[in-house]
Amino acid sequence: MAPTSSAADPGRVMVLAGGLSHERDVSLRSGRRVSEALRGTGLAVEERDVDATLLPALMAEPPACVVPMLHGETGEDGAIREVLELLDIPYVGATPAVCRTAFDKPVAKALAEHAGIRTPRSTCLPHEMFRELGAAAVLESLVAKLGLPLMVKPAQSGSALGCTVVHNVSELPSAMVNAYAYGPVALIEQFIAGDEVAVPVIDDGTGPRALPVVAIMPDGGVYDYTARYTAGSTEFVVPAQLPEATLEECTRVAIAAHEVLGLRDLSRSDLIVDADGQVWWLEVNVAPGFTETSTVPLSIQAAGLDLGKVIAELVQAAVARPAHS
Amino acid sequence: MNEVTPRSQGSSTRLDSYVDRYAARTQGMTASEIRALFAVASRPEVVSLAGGMPNISGLPLDVVGRAIGDLIAEQGPTAMQYGSGQGVPELREQICEVMKLEGISAHADDVTVTVGSQQAVDLVTRIFCDPGDVVICEAPSYVGALGVFKAYQAEVVHAEMDKDGLVPDALRQAIAATRAAGKRIKFLYTIPNFHNPAGVTLSAARRPEILEICREADILVLEDNPYGLLGFDQEPIPALRASEAEGVIYLGSFSKTFAPGFRVGWALAPHAVREKLVLAQESATLCPPQFSQMAISAYLTNHDWLGQIKHFREMYRERRDAMVDALEAYLPKSCQWNVPEGGFYVWLTLPPGIDAKAMLPRAVTARVAYVPGTAFFADGFGSGSIRLSYCYPTPERIREGVRRLAGVLEQEMELRATFGATTPPSLAARSGYDAPSTDIN
């Protein structure tokens with residue numbers, strides 16, 4: 001059965017949330033909020049988990065559009081979007097190939113760096129390399145090359161899961177183990193001290209534009225999982241209280257990353273503004289969080305926009321998009 | 001930084017307008033990576049050896065359904081009305097009959113019905129503990145009780161256990177050290193039978209000694225006994241309360257012997273304490289749920305509940321055997337575990353250097369879940385152990401879960417061999433409130 005749609009009412013929208021990734025809980029919260037916001041615009045919305053019943057349901061009654069609110073693997077590595085492509089179902093967000101690139105932090109960093117975007121120096125190593133060469137020698141080389149402090153994170157993950165700031169060499173082995181608990185490859189990068197900011201980028205078909213820059217100030221100084229998802233434990237300032245030129249640079253970098261990586265509809269770049277006012281690009285999220293404590297909804301609100309309307313416009317754009325574009 | 005243009009005027013928010021108004025006791029009530037991982041464990045693809053949900057698949061639902069239908073038809077207006085703060089008198093009489101199985105002679109007047117025995121732990125702590133008071137607990141101890149003690153800002157001091165349960169000398173030392181530090185001990189919280197999470201049982205030989213230590217030190221004993229009737233190969237063991245009426249508050253529950261959804265437990269307390277428990281109960285809930293109490297009372301009256309418990313015991317024994325056999329078959333020799341003689345849990349000690357909390361993401365990726373040992377300590381210990389529950393999954397799923405766990409462990413050991421024994425700094429600093437909510441039973 002072919003989905004029916006019109007310019008005003010695209011038809012039934014399916015919000016996918018949950019899944020089996022480590023970020024299932026966050027995803028469910030994002031999905032709930034996005035669904036409610038879309039319902040507020042009058043759209044018919046179905047929330048759905050990703051399980052063995054999904055594919056038959058999509059085939060039997062394809063929705064007009066899917067909004068993937070799946071965080072972490074499957075949701076952000078392009079896998080679920082490949083399935084949607086197979087079924088010719090429109091969806092909000094980047095294509096599978098772009099997701100694969102953007103979700104892999106080392107690959108995305110390399111592409112960004114090649115395009116002239118400033119990103120912390122880093123290296124990327126599978127854990128087998130430490131086993132084969134001996135951990136001590138490799139760790140020593142890492143510190144010699146990148147210095148201290150370092151940020152160690154899984155190559156593919158979100159919500160700061162498996163991330164550790166390393167101040168002393170003695171902390172490095174445990175940080176590596178922490179990262180490898182979430183995946184076989186770790187990214188070890190120079191830790192840039194400074195103001196942490198997030199910049200959402202949206203494109204409703206008229207070209208990418210950045211939303212207000214969000215400054216993130218966690219009570220404990222580290223924007224880890226607890227700081228991200230415990231209401232009250234982080235102070236957000238929107239727009240960030242930075243010099244106008246710095247804000248403009250943040251905006252420029254976020255849009256540049258969005259374009260360089262080939263993203264579409266929506267992304268969120270995470271940046272650091274160091275003490276000299278230099279902007280460092282850390283990573284991009286192809287399915288950024290929409291929980292009650294997430295930065296994108298804050299930025300949308302600060303822009304004077306309605307969350308539901310913004311996503312509904314992205315839905316309209318996705319529905320209007322030619323297949324396989 | 002050189003500012004060449006004015007800074008923007010942003011609006012600040014913490015996304016919680018009550019952030020400055022919460023009580024100090026909410027400190028630690030935060031989101032955690034570990035709790036987030038348990039959200040995945042609820043999916044059917046994951047073999048969850050984490051939660052302690054009783055397996056009630058064997059309950060005669062037709063019998064229960066008829067009993068509840070009759071209850072509504074015959075006593076509906078009473079069953080759906082407020083009731084006594086102390087609980088339904090007929091049920092309290094029946095509770096005394098249940099407790100006789102463990103050698104307890106009690107009067108129904110001294111029983112206070114509670115919303116599960118979890119609420120009994122809460123009420124006892126509420127009436128005894130001021131902030132800073134000390135509760136002595138076994139090491140490890142029940143995560144739900146630790147949460148209550150933390151909420152009342154009581155300090156937990158752990159005393160070691162071995163295969164025979166709480167070690168008397170460890171209890172003496174804990175009492176002496178606490179008092180030497182000038183702190184007030186309010187009670188000993190103990191789970192003598194088929195311990196959650198340790199799986200061990202306090203030996204008959206030690207029971208008088210533990211009671212004597214507490215009597216001499218003038219310390220109340222809070223005996224939490226939800227699993228006492230679920231021994232696999234033996235008659236119920238006489239409760240501590242059976243030989244000590246004044247110094248023991250005994251907590252019981254129908255959650256494991258019938259069904260947890262009714263939320264009915266009880267406290268048997270010395271008369272003066274009982275008075276305060278009833279007042280505290282009235283303050284907390286007005287009364288325990290009348291409908292649940294009357295439904296359980298009807299079940300006890302009309303059904304072979306002892307036969308049902310025998311069925312539960314046999315089911316759990318089969319699952320215990322499946323788990324122990326799988327552990328023997330799949331796990332490396334450097335792991336150690338106990339063979340519980342009842343209850344729901346195996347306590348597994350991991351090979352040296354393995355951190356149970358740090359390993360959990362890898363386990364969830366491999367579609368198996370457990371509870372890291374740190375959840376059962378108030379002081380951050382327990383990283384080298386995990387609790388495995390065999391109560392809920394089928395024997396086949398238990399075997400598959402242990403097989404997956406063995407694979408995870410093998411990868412983790414390889415990683416540790418590469419990097420050496422470590423404790424991730426970001427995880428080591430956290431403790432408490434990390435267990436899945438289904439363990440609060």
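Why does Arg263(B) count as buried? Arg263(B) counts as buried because it has 20 C-beta neighbours inside 10 Å. The cut-offs are these: a residue is buried with 20 or more other C-beta atoms within 10 Å of its own, exposed with 12 or fewer, and partly exposed in between, the C-beta atoms being placed from the backbone.

Before I go on, the model is predicted, so local features need pLDDT of at least 70 and side-chain atom pairs count only at pLDDT 80 or more, while totals for chains, interfaces and linings use all residues. Residues are numbered from 1 along each chain as its sequence is written, and chains are lettered from A and ligands numbered from 1 in the order in which they are written.

Back to Arg263(B). Its phi is near 55°, a positive value in a residue other than glycine. Arg263(B) sits in the loop between β9 and β10 of chain B. Helices (H or I, at least four residues) and strands (E, at least two) are DSSP runs, numbered from the N terminus.

Asp265(A) is not a glycine, yet has a positive phi of about 70°. Asp265(A) lies in the loop between α10 and β12 (266-273) of chain A, and it counts as buried because 24 C-beta neighbours fall inside 10 Å.

Now strand β9 of chain B, residues 248-253. This strand is mostly covered, with 6 of its 6 residues buried. Val248(B), Tyr250(B) and Gly252(B) point one way from β9(B), and Ile249(B), Leu251(B) and Ser253(B) point the other way.

What does β9(B) pair with in the parallel sense? Strand β8 (residues 220-224) of chain B does, over 4 bridges; pairing requires that DSSP finds at least two bridges between the strands. In that pairing, Leu222(B) stands opposite Ile249(B). β9(B) also pairs with strand β10 (residues 265-268) of chain B, in the antiparallel sense and over 4 bridges. There, Leu251(B) is opposite Ala267(B).

Next, the cis peptide bonds. One joins Val238(A) and Pro239(A), with omega about -10°; Pro239(A) is in the loop between β11 (234-238) and α10 (244-260) of chain A. Another runs from Ala139(B) to Pro140(B), with omega near 5°, and Pro140(B) is in the loop between β4 (134-139) and α5 (143-151) of chain B.

As for the contact between the chains, 39 residues come from chain B and 49 residues from chain A. Contact here means C-beta atoms, placed from the backbone, within 7 Å. On the chain B side, the elements giving two or more residues are β1 (11-13), α1 (33-41), α12 (356-365), α13 (395-419) and α14 (425-428). That side divides into 18 nonpolar, 13 polar and 8 charged residues. Ala, Val, Leu, Ile, Met, Phe, Trp, Tyr, Cys and Pro count as nonpolar, Asp, Glu, Lys and Arg as charged, and the others, Gly among them, as polar.

Last, the domains of chain A. Domain 1 is 13-92 + 316-320, domain 2 is 101-118 + 193-304 and domain 3 is 122-190, with bounds from an automatic or database domain assignment. The centres of domain 2 and domain 3 of chain A, taken over C-alpha atoms, are separated by 23 Å. Their contact takes 11 residues from domain 2 and 12 residues from domain 3.

Technical notes. Two residues are in contact if their C-beta atoms, placed from the backbone, lie within 7 Å.
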